[in-house]
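Subject: A structure for you to look at

Hello,

Here is the structure I promised to pass on. Have a look at it first, and then read my notes below.

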Amino acid sequence: MTYTQHRYSGTSERTWQVDLATASSVAPWAQRAPALLAGEVAAMGESFPHWLLALGQHDAPVACGTCGNPVVFAAGAARCVACDTPADPPPGAQLVWVGHLPTLLRPASALDARLPALAAAGFPTFTVGAAHYLLVMLLLAYPAEWPHEEPSVRYSPHFLRLIGVGPGPSGITHLLSAGRACLYAPGQYQGTGAAAVLQQRAVNHLASLMKIAGGTPPTEAFIGRIH
Ligand SMILES: [Zn+2]
């Protein structure tokens with residue numbers, strides 16, 4: 001089975017098949033269980049088709065040495081999504097997903113004054129009917145021992161500063177170090193796949209942060225959360 005990914009840059013679109021054999025070779029868990037990775041890619045393709053499976057290290061995407069763009073898995077190599085330059089997996093290489101989640105902007109909120117700075121920093125808004133959304137870039141990184149350890153989901157610390165809630169760490173905003181979202185209580189993670197982690201945890205975490213950015217007291221923004 002093949003999985004197609006797309007990337008839009010300005011008006012141009014690039015399409016490629018995810019090279020599962022190459023992707024599996026970079027991470028210990030995927031080397032041991034390539035079918036697990038195939039299932040992850042299929043599930044993400046269903047729910048988050050614009051997210052990219054990319055090469056990572058230290059819970060961050062590896063940047064192309066030539067142009068700085070993410071490195072994806074295509075045509076027998078890890079290669080830059082923009083300029084095609086092959087990249088060697090670094091020590092401790094990881095598989096990561098990079099993409100955006102849309103989050104609803106409430107009208108006349110304290111966040112409105114921050115939107116121009118967010119747009120300038122690459123966090124645009126868009127409108128569907130009468131509803132306004134902000135597109136927030138996130139990163140999900142699989143640990144070497146996934147699925148026995150939970151994946152990390154991170155915001156850009158710059159984004160957290162721009163919305164005025166971070167970057168943490170803070171128990172009040174459920175943020176760990178370096179913009180990582182606290183999504184599970186200790187011992188609570190049960191091997192859930194990336195798409196479900198995003199749907200079941202990250203979407204709500206982002207919505208709670210947006211409430212705080214809009215003026216809701218943090219103690220109320222996370223009410224109803226499991227931890
Ligand atoms: Zn490049």
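Let's start inside the protein, keeping in mind that this is a predicted model. Setting aside neighbours within four places in sequence, Ala202 is in contact with Leu101, Leu138, Val153, Ala181, Leu183 and Val197.

As background, nonpolar side chains tend to be buried together in soluble globular proteins.

Now for the overall picture. You will find seven helices and ten strands in the protein. Its radius of gyration is 18 Å, close to the 17 Å that the globule rule gives for 227 residues, so the protein is as compact as a globular protein of that length. Buried residues account for 37% of the 227 residues.

- Trp146 and Pro147 are joined by a cis peptide bond, with omega about 5°. Pro147 sits in the loop between strand 9 (131-141) and strand 10 (152-155).
- Asp59 is not a glycine, yet has a positive phi of about 60°. Asp59 lies in the loop between strand 3 (52-57) and strand 4 (60-61).
- Ala108, also not a glycine, has a positive phi of about 50°. Ala108 counts as exposed, with 8 C-beta neighbours inside 10 Å.

Enjoy exploring!

Technical notes. Residues numbered from 1 in each chain as written. Predicted model: local features only at pLDDT ≥ 70, side-chain atom pairs only at ≥ 80, totals over all residues. Contact = placed C-beta atoms within 7 Å. Helix = DSSP H or I, 4+ residues; strand = E, 2+ residues; numbered from the N terminus. Rg over C-alpha atoms; globule rule 2.2 N^0.38 Å. Buried ≥ 20, exposed ≤ 12 C-beta atoms within 10 Å, placed from the backbone.
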